[in-house]
There are 2 protein chains.
Amino acid sequence: MHDLIVIGAGPGGLDAAMEAAEAGLKTALVEKADLGGTCLNWGCIPTKIMLGATSAIEELAGQTKMKVASGSIDVDFAALQRRKEKLVAGTRKATALRLKTLGVDVIYGTAHVTAPGKIEVTGDTPTTLEYDKLVIASGSRPTFFPGLEPDNDAVIDSNGFLALESMPESLIVVGAGFIGIEMAQIAHRLGTKIHMVDALDRVAAAEDPEVSKVLGSMFKRWKWNMRLGVRVQSVTTRNGKACLRLDSGDEIEADKALVAVGRGPVTDGMNLEALGITIERSGIKINEYLEAAPNVYAIGDVNGIIQLAHAASHQAHYVVSRLSGKTEAAYVSGPVPSIIYGSPEVMHVGKSVHEVIQSGQPCEVSTLQLAANPMAQAHAATQGVVKVIWSDGKVAGVTAVGHDVSRLTTPSTMIVQEGWAPEDAYETIFPHPSLDEALMGALKAERKTVSAD
Amino acid sequence: MHDLIVIGAGPGGLDAAMEAAEAGLKTALVEKADLGGTCLNWGCIPTKIMLGATSAIEELAGQTKMKVASGSIDVDFAALQRRKEKLVAGTRKATALRLKTLGVDVIYGTAHVTAPGKIEVTGDTPTTLEYDKLVIASGSRPTFFPGLEPDNDAVIDSNGFLALESMPESLIVVGAGFIGIEMAQIAHRLGTKIHMVDALDRVAAAEDPEVSKVLGSMFKRWKWNMRLGVRVQSVTTRNGKACLRLDSGDEIEADKALVAVGRGPVTDGMNLEALGITIERSGIKINEYLEAAPNVYAIGDVNGIIQLAHAASHQAHYVVSRLSGKTEAAYVSGPVPSIIYGSPEVMHVGKSVHEVIQSGQPCEVSTLQLAANPMAQAHAATQGVVKVIWSDGKVAGVTAVGHDVSRLTTPSTMIVQEGWAPEDAYETIFPHPSLDEALMGALKAERKTVSAD
């Protein structure tokens, strides 16, 4: 009998299991694949390793354009893959060690609910476990529209991209969201010709339209073949190549096609219905305490709130606080920041202009272009903007696009959380020179009322 | 008659003049050299432009060491100098335009007090000006110990370094403080052999000893000839080369020697004595309102509080708030952050371990090594540490060394300013993956009492 069983060892499940064990709960963690989940193994971390390993290419390109530097950089993609595997395996190993030290029982296999309070783990050695409380943190997986399913030959998903043995000469990227954008940049840096296709008429449609505009103009400058506002009929492998057919009848051919049109919750095969859990399209339905059923919580991607690792970790911390009697309050998330890495980077936290206006509040924005920022100038990457979104005289949100703007994320998160008024920007001393000063500048810039975004 | 005359157009003086003009004061700004002062023209900004332009070299070196990448980067130093001049000139021009728009009278020349309320500006067209209030923001200049004065032949100061027409093959750097360290890194990246000499037994002696240790080990790995804890007798040009003689009699020869042993206030030639101002070795003596004499303020490097541009700007904002009747309170500075840029970077803000212990308070520290951080791993730069200094259960200071740690500066400044308690680290959602998580990890790490640093 375990006090707590956690299903899924991604960021949410791991944090829940570790914090519960630290709090003295007898805890088991069930994982059907690898410790670390999508984030560590097929998502955020491998992508960042590939972006990091190729960042010198983009830095050099900027200085070359300014005629300050010249040279060439060759990335050995097979070696990069090995290094990625090594780093990820190292983190998995450290995680396993930490779980062991904490006394968490880690069981590999697929969890299957047999009755409330009871699960069976199918796998090499089937095990039956009993729990007092259950946390479902089973995550998400890529989803596809009909006709866009990868065949894992020339048509691949994000997992397939991260497992490539060599970079293709040309790549169709279906989906101009953050996954498509980050992966396309990796391929672009390694010399791949990019064709980017999306049904929406702008890239990064979850971001501020001004951010999309800056990104879009950069992608064009990089000579990406941008096909926005088009509908895809099919993507298939034909003679070993990826062939994308648009509704218009146009076809695009490339060595590979990456389909990155979204991710959906993993809820199948666990017999969650036996617990009386409601599963909606976006994920497991939860109440204000993140409960999916009596004694059962759902956290992370699977509950459909937001698909971000740090949100899952925050939810995990809440659930353990609740289970260990430290809080009885409903779950309240602070502002959840979001980053697209690469060159440029994108960040946002808090409300968008659209959300403030939708909520019926007057909305003001103050912006600063990066052009005059000395750090952006130093890195020959001055295109970009920082935008502060104000509601009721307080900072409601911040978004930015440009060189290294991910570094504005944590201060912006704190500023949104604290709801800074305009004068607060004068109280904190920002370092000079720094890109951070662009955030300070945007906070101090003239606020203009906007009525639509 | 001007409401306000500002002497010195560095960051403090510029901000004072601009904010005063915005507040409706008739303002004049006197500058003997270039708008932007040391920071823009011979300090922070040119250094960052050179570090930025060469950053790909260090990024590539990291990946090359991991056998992931290979290649070569050539920086055209003359082109970099031209670009630096162009960027700096552009900022000067934008600054001049902004001053003009605001109606600030800019007068080039050396200010000389003739009587309280009256100054003469000597220069191409001598001018006499009258003021109601005076702000002295005349900044600092390099200072030297006897025997270390640059001859501007083979022995140069930081101004001389930034004006070099080509990088020497070898460079002696006298002074392992932040100026010496940043400039030595620029030269190192461009292939220069570095000899670093300091009387103290560790580099970056203003930083935490653990930070010095990490920096020192990197410099050794880069094969810098480190001569610490030695006394320099002289540095002279001999047969066109720089020759440094130690007290021990040892000699070091190199193509150039950069002497960066400190900066001191610029107070001469202005006849400040006529105002009853007291000038100490560290700078102009001021009271709690930053007043040096009735109706006379001193801000920035010249008052000796701290030699940092952003501190000067903060003081400028206070003085203008006071002059325009917005505050009558004494000057209170929030925590002033400090950064050494390069690879690695160094940051600190708030109190050091030493300062907490000196104040008689119990001191705790919590630390996190960067080794497991995915962003540090991605950039093949995992050596480094984040250290949080606690006093009385609150965060009193933060320091860090390692890849990209400058991005921890602004959040750390806010955290120190707010005096976070341990539980506060769970309230704010840090983005994943990010280097910022190393700060979160250090905040959440076990706190250990330290009795000496």
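**Notebook: a predicted two-chain model**

**Entry 1, a loop residue.** I started at Asn239(A), which lies in the loop between β13 (232-238) and β14 (241-246) of chain A. I looked up its backbone angle and found phi near 55°, a positive value in a residue other than glycine. I noted this because most residues other than glycine have a negative phi. Is Asn239(A) buried or exposed? I counted 7 C-beta neighbours inside 10 Å, so Asn239(A) counts as exposed. The cut-off for exposed is 12 or fewer.

I wrote down its scores, ipTM 0.97 and pTM 0.97. For chain A the mean pLDDT is 97, and 100% of the residues reach 70 or more.

I listed 13 helices and 27 strands in chain A. Its radius of gyration is 23 Å, close to the 22 Å that the globule rule gives for 453 residues, so chain A is as compact as a globular protein of that length. Along the principal axes, I read a span of about 65 × 60 × 40 Å for the C-alpha trace. I also looked up burial, and 56% of the 453 residues of chain A count as buried. Among contacts in chain A with a separation of 6 or more, 66% are between residues 24 or more positions apart.

I found chain A divided into domain 1 (2-142 + 264-323), domain 2 (155-261) and domain 3 (338-450). Taken over C-alpha atoms, the centres of domain 1 and domain 2 of chain A are separated by 27 Å. Their contact takes 12 residues from domain 1 of chain A and 13 residues from domain 2 of chain A. On the domain 1 side, α3 (44-53), α4 (55-65) and α5 (77-102) of chain A each supply at least two residues. Which of these elements gives the most to that side? I found that α3(A) does, with 4 residues. I sorted the domain 1 side by class and got 9 nonpolar, 2 polar and 1 charged residues.

I moved to Ile7(A), which is found in strand β1 (residues 2-7) of chain A. Ile7(A) has 29 other C-beta atoms within 10 Å, so I recorded Ile7(A) as buried. The cut-off for buried is 20 or more. Leaving aside neighbours within four places in sequence, I listed the contacts of Ile7(A), including Gly13(A), Val30(A), Ala111(A) and Met270(A). I then checked Ala28(A), which is 21 residues from Ile7(A) in sequence and 8.5 Å away in space, C-alpha to C-alpha.

I looked at two bonds here because most peptide bonds are trans. Ser343(A) and Pro344(A) are joined by a cis peptide bond, with omega about 10°. Pro344(A) lies in the loop between β22 (338-340) and β23 (345-350) of chain A. His432(A) and Pro433(A) are also joined by a cis peptide bond, with omega about -10°. I placed Pro433(A) in the loop between α12 (409-418) and α13 (436-444) of chain A.

I looked up the contact between the chains, which takes 64 residues from chain B and 64 residues from chain A. Several elements of chain B each supply at least two residues of its side, among them β3 (69-75), α5 (77-102) and α9 (309-323). By class, I found 34 nonpolar, 21 polar and 9 charged residues on the chain B side. What sense does the pairing of β3 (residues 69-75) of chain A with β3(B) have? I found the antiparallel sense, over 7 bridges. Ser72(A) has Ser72(B) as its bridge partner in β3(B).

**Entry 8, strands in chain B.** I followed β26 (residues 394-402) of chain B, where 8 of the 9 residues are buried. Strand β23 (residues 345-350) of chain B pairs with β26(B) in the antiparallel sense over 6 bridges, and Val346(B) has Val401(B) as its bridge partner. Strand β25 (residues 385-391) of chain B pairs with β26(B) in the antiparallel sense over 7 bridges. In that pairing, I noted Val388(B) with Val398(B) as its bridge partner. β25(B) and β26(B) form a hairpin with 2 residues between them, and Asp392(B) in the turn has a positive phi of about 60°.

I ended at Ala380(B), in the loop between α11 and β25 of chain B. Its phi is near 50°, a positive value in a residue other than glycine. I counted 22 C-beta neighbours inside 10 Å, so Ala380(B) counts as buried.

Definitions and conventions: Residues numbered from 1 in each chain as written. Chains lettered and ligands numbered in written order. Predicted model: local features only at pLDDT ≥ 70, side-chain atom pairs only at ≥ 80, totals over all residues. Contact = placed C-beta atoms within 7 Å. Nonpolar A, V, L, I, M, F, W, Y, C, P; charged D, E, K, R; others polar. Pairing = 2+ DSSP bridges. Domains from an automatic or database assignment. Rg over C-alpha atoms; globule rule 2.2 N^0.38 Å. pLDDT = per-residue confidence, 0-100.
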